[in-house]
Amino acid sequence: MRTPLMAGNWKMFKTPADTTAFFDKFLPLVAGAAHADVAICPPFINIPAAVAATSGSNVTIGAQNCYWVNKEGAFTGEVNAPMLKAAGCTWVIIGHSERRQFFGETDATVLQRTVAALEAGLKPIVCLGELLAERESGQTNEVLKTQFLGGIAPLTPEQFAQIVIAYEPVWAIGTGKVATPEIAEDTHRAIRALVEEKFGADAAAAVRILYGGSVKPDNVAGLMAQPNIDGALVGGAALKPEDFAGVVNFK
Ligand code: PEP
């Protein structure tokens, strides 16, 4: 069976001191969480503090983006995947809708970054999701298929086996409008069918597909009860230790 992954995305919140204070409270609250993998993805600047605070614990650390080629160079403002690996990261979020919306991320750059992350030994959490207008006009599956074909399908089977997919409907991110468990389950099933078509039944059965979009302690259990939902990518509720522990300890 697939081990759930409960991953927090801190976006552009918290200082190094806030990071240490968060883990002082959070780690004891999730120390007994053997049912799930637990990760936090802080801003780059907080990764050393997060790695130090979680050393020897059951919590792993990730980044929120990485450069698309694994070389050093004159690319002001960028951080590459080998740097993240050397800093102690396990994960990297790729293609979050905020990167797509505000920073020009495309399916092609999602693919490049994912390959770079894999080559550096990081585990990519690759995000897909439709806009509200796309859902309302019945285009959800088509949009997800395009994102999947451009950003994920060109991976080799070996590369694909290392990734996690996060389905994040853009209309549910940071809005308080969580997808119902039924809507999320239907969409996760459709994504798993795309995986089966491209990579086969074993790969489809093995890949973890996380749900993201206004997950909170009081709605996580209904989502996690769905057979095709294998964890959560959590923004706002990952900023407070008690809230994220409530999500992690969903059962
Ligand atoms: C996210 O940032 O990936 C996210 C899902 O945010 P929120 O939980 O705040 O909706």
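The exercises below, each with a worked solution, concern a predicted model.

**Exercise 1. Helices α1 and α12**

Task: Find how α1 and α12 are oriented to each other, and state which residues make the contact.

Solution: 
- Step 1. Two packed helices are described by the angle between their axes and the distance between the axes.
- Step 2. Helix α1 covers residues 16-30 and helix α12 covers residues 241-248; their packing angle is about 25°, and their axes are 9 Å apart.
- Step 3. Angles under 35 degrees count as roughly parallel, so α1 is roughly parallel to α12.
- Step 4. The crossing of α1 past α12 is right-handed.
- Step 5. From α1 the contact uses Phe-22, Lys-25, Phe-26, Leu-29 and Val-30, and from α12 it uses Pro-241, Glu-242, Phe-244, Ala-245 and Val-248.
- Step 6. Sorted by type, the residues of this contact of α1 with α12 are eight nonpolar, no polar and two charged.

**Exercise 2. Helices α1 and α2**

Task: Describe the packing of α1 against α2 in the manner of the previous exercise.

Solution: 
- Step 1. Helix α2 spans residues 47-54, and its axis comes within 9 Å of the axis of α1, with a crossing angle of roughly 25°.
- Step 2. The two helices α1 and α2 are therefore roughly parallel to each other.
- Step 3. Where α1 passes α2, the crossing is right-handed.
- Step 4. On the α1 side the residues are Pro-16, Thr-19, Thr-20, Phe-23 and Leu-27, which meet Ala-49, Ala-50, Ala-53 and Thr-54 of α2.
- Step 5. The residues of the contact between α1 and α2 comprise six nonpolar, three polar and no charged.

**Exercise 3. Helices α5 and α7**

Task: Decide which orientation term applies to α5 and α7, and list the residues that meet.

Solution: 
- Step 1. Helix α5 (residues 107-119) packs against helix α7 (residues 140-151) at an angle of about 45°, and their axes are 7 Å apart.
- Step 2. The helices α5 and α7 are therefore oblique to each other.
- Step 3. Their crossing, that of α5 and α7, is right-handed.
- Step 4. Asp-107, Val-110 and Leu-111 of α5 meet Thr-146, Gln-147, Gly-150 and Gly-151 of α7.
- Step 5. The contact of α5 with α7 has two nonpolar, four polar and one charged among its residues.

**Exercise 4. The surroundings of Arg-100**

Task: Locate Arg-100 and name the partners of its side chain.

Solution: 
- Step 1. Arg-100 is placed in helix α4, residues 97-102.
- Step 2. Its side chain, that of Arg-100, is joined to the side chain of Asp-107 by a polar contact of 2.7 Å.
- Step 3. A polar atom of the Arg-100 side chain also lies 2.8 Å from the backbone oxygen of Cys-127.
- Step 4. Leaving aside neighbours within four places in sequence, the residues in contact with Arg-100 are Gly-95, Glu-105, Asp-107, Val-110, Cys-127, Leu-128 and Gln-147.

Notes:
Residues are numbered from 1 along each chain as its sequence is written. This is a predicted model: local features need pLDDT of at least 70, side-chain atom pairs count only at pLDDT 80 or more; totals for chains, interfaces and linings use all residues. Side-chain values use heavy atoms; hydrogens and water are left out. Axes are lines fitted to C-alpha atoms, for helices over the stretch in contact, and angles run from 0 to 180 degrees between N-to-C directions. Helices (H or I, at least four residues) and strands (E, at least two) are DSSP runs, numbered from the N terminus. Angles under 35 degrees count as roughly parallel, over 145 as roughly antiparallel, 65 to 115 as roughly perpendicular and the rest as oblique. A crossing is left-handed if the near helix is turned anticlockwise from the far one by less than a right angle, and right-handed if clockwise. Contact means heavy atoms within 4.5 Å. Ala, Val, Leu, Ile, Met, Phe, Trp, Tyr, Cys and Pro count as nonpolar, Asp, Glu, Lys and Arg as charged, and the others, Gly among them, as polar. A polar contact is a pair of N or O atoms within 3.5 Å; within protein, one must be able to donate a hydrogen and the other to accept it, and residues adjacent in sequence count only if both atoms are side-chain atoms.
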